[in-house]
Amino acid sequence: MNLTITGTNFTAGSTVNFNSVSYPATASTATAVTATIPASAVATAGSYSVSVTSTDGTSNIFTFVVSNPSTAGAFENFETGIKTAYAVADVTLASGS
């Protein structure tokens with residue numbers, strides 16, 4: 001998930017602090033900073049603290065609310081697995097074995 005925060009005084013080295021974890025900016029201007037937050041970080045409904053740290057310091061903390069988390073990608077489609085026989089073995093799926 002891309003999280004874009006608007007404000008002022010952002011720099012190229014800004015980081016987004018989401019729920020006490022820092023993520024590097026993937027895009028940054030003086031008035032907006034974007035970071036990629038993993039879907040697993042917002043998979044549960046709740047309130048999450050967000051701030052931005054730049055060379056000028058850390059912003060005030062604001063709250064990001066997840067009220068209806070997406071389950072997209074949370075379930076595996078077993079029909080897409082690769083298995084050549086029915087003997088005991090691992091099945092390779094999109095999310096792993």
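Predicted model: local features only at pLDDT ≥ 70, side-chain atom pairs only at ≥ 80, totals over all residues.
Biologist: How many helices and strands does the chain have?
Modeller: Zero helices and seven strands. Both are DSSP runs numbered from the N terminus, with helices being H or I of at least four residues and strands E of at least two.

Biologist: What share of the chain is buried?
Modeller: Buried residues are 22% of the 97 residues. Buried means under 20% relative accessible area, exposed over 50%, and partly exposed in between, with a 1.4 Å probe and protein chains only.

Biologist: Which residues touch the most others in the largest nonpolar core?
Modeller: Leu3, Ile5, Val16, Phe18 and Ile37, out of 15 residues in that core. Such a core is a set of buried Ala, Val, Leu, Ile, Met, Phe, Trp, Tyr and Cys residues joined through side-chain atoms within 4.5 Å.

Biologist: Which strand gives the most to this core?
Modeller: Strand β5, with three residues.

Biologist: What is Ile37 in contact with, beyond its neighbours within four places in sequence?
Modeller: Met1, Leu3, Phe18 and Tyr23. Contact means heavy atoms within 4.5 Å.

Biologist: Switching to Ser54, why does it count as buried?
Modeller: Because its relative accessibility is 15%. Ser54 is in strand β5, and its C-alpha lies 4.3 Å from that of Ser14, 40 residues away in sequence.

Definitions and conventions: Residues numbered from 1 in each chain as written. Heavy atoms only, no water.
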